[in-house]
Amino acid sequence: MPCFSLRLPNNAVELSRIKHRSKRYDDSISFLAVGDWGRNGNFNQSIVATQMGYVGKKLGIDFVVSTGDNFYDDGLKGEDDRAFKTSFSNIYTAKSLRKPWFSVLGNHDYQGNVEAQLSPALKKRDKRWNCKRNFILEAGSADIFFVDTTPFVQKYFDNPKKQVFDWRNVLPRDRYMSSTLKNMNVSLEHSKAPWKIVVGHHTIRSIGYHGDTQEMIDHFLPILEAHKVDMYINGHDHCLQHLSNERGSMQFLTSGGGSKAWKNKIHYGLHNDSSMHFYHDGQGFLSVEIARDKAKLEFYDVSGRTIHRFKLEK
């Protein structure tokens with residue numbers, strides 16, 4: 001695998017910020033996380049959406065996080081693509097889900113018109129939609145850092161499958177990667193939030209179909225460890241899983257069960273038993289509740305049943 005020797009630029013700036021004010025007196029927040037979903041309601045997408053609506057109502061969620069691969073198989077064709085309506089607006093219709101959605105791009109999104117998915121025009125079609133390459137969401141007691149991971153993965157540039165990717169505003173790649181890493185590092189360094197959460201599409205640690213993403217381990221993991229990030233939430237593997245970092249206390253959370261799942265290829269030997277806490281080869285989603293000194297997380301299957309829960313404390 002080719003590797004890059006990245007020189008981080010000196011002119012780093014903080015990522016752009018979106019502020020979401022907590023509606024609770026104690027500055028606590030709650031949200032759902034789901035990924036790999038946009039299939040016109042097929043492959044149980046609509047059923048997962050229904051269960052998200054029930055859980056969202058129960059928790060009184062503030063917003064929804066999407067971990068990427070928002071529109072299959074080839075992203076959006078343009079700002080007026082029907083898929084935005086048939087895979088998003090017409091699917092997540094519950095009142096509890098009519099809250100802001102904050103999204104990152106996945107590799108399948110890059111196989112369409114990326115600029116369309118990032119365009120403010122989509123927000124005019126559905127005011128919930130928020131999608132940028134890299135940004136920070138300030139929400140109650142947490143800073144949530146959304147990062148664009150696809151340009152870091154070498155195989156998409158080797159491209160043995162001859163797929164077409166929209167690399168506008170990414171090339172030259174080494175400059176884009178360097179800038180992203182430096183800006184992420186500076187933003188994490190400046191964060192004063194009790195909880196630091198990073199959201200990206202690709203896995204860092206996983207026993208699922210794709211396994212670990214070496215580029216994420218090489219480039220992102222050292223930065224996340226240095227700044228004591230509490231959680232990394234991703235999609236890409238179409239499953240639900242929970243691992244913990246072998247160094248420090250970071251939790252790796254995969255929520256990629258928004259529609260098509262059941263890959264039935266699990267790398268059980270990839271991580272030891274002490275770091276592997278939960279794996280579900282199926283559809284579902286994640287809920288996160290965060291107060292200043294504690295957090296509660298639950299994974300739900302396609303029927304809305306809780307299949308794994310745990311708590312964290314500061």
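This is a predicted model: local features need pLDDT of at least 70, side-chain atom pairs count only at pLDDT 80 or more; totals for chains, interfaces and linings use all residues.
**Asp-62 and its surroundings**

Let's start in the loop between helix H1 (45–59) and strand S3 (63–66), where Asp-62 sits. With a relative accessible area of 4%, Asp-62 is buried, because buried means under 20%. Its side chain makes a polar contact with the side chain of Arg-24, at 2.7 Å. Beyond the neighbours within four places in sequence, Asp-62 touches His-20, Lys-23, Arg-24, Ile-29, Ser-30, Lys-99 and Pro-100.

**Helix H6**

Next comes helix H6, which covers residues 173–190. Its 18 residues reach 26 Å from first C-alpha to last, close to the 26 Å expected at 1.5 Å a residue. The buried residues of H6 include Arg-173, Tyr-176, Met-177, Leu-181, Met-184 and Leu-188. Among the elements that cover the buried residues of H6 are strand S7 (142–146), helix H5 (155–158) and strand S8 (195–199).

**Strand S8**

How many of the five residues of S8 are buried? Five of the five are, so S8 is largely enclosed by the rest of the structure. In a regular strand, side chains alternate between the two faces of the sheet. In S8, Trp-195, Ile-197 and Val-199 point one way, while Lys-196 and Val-198 point the other way.

| Strands | Sense | Bridges |
|---|---|---|
| S7 and S8 | parallel | five bridges |
| S8 and S9 (231–234) | parallel | three bridges |

Methods
Residues are numbered from 1 along each chain as its sequence is written. Side-chain values use heavy atoms; hydrogens and water are left out. Helices (H or I, at least four residues) and strands (E, at least two) are DSSP runs, numbered from the N terminus. Buried means under 20% relative accessible area, exposed over 50%, partly exposed in between (1.4 Å probe, protein chains only). A polar contact is a pair of N or O atoms within 3.5 Å; within protein, one must be able to donate a hydrogen and the other to accept it, and residues adjacent in sequence count only if both atoms are side-chain atoms. Contact means heavy atoms within 4.5 Å. The expected span of a helix is 1.5 Å times one less than its number of residues. Two strands pair if DSSP finds at least two bridges between them.
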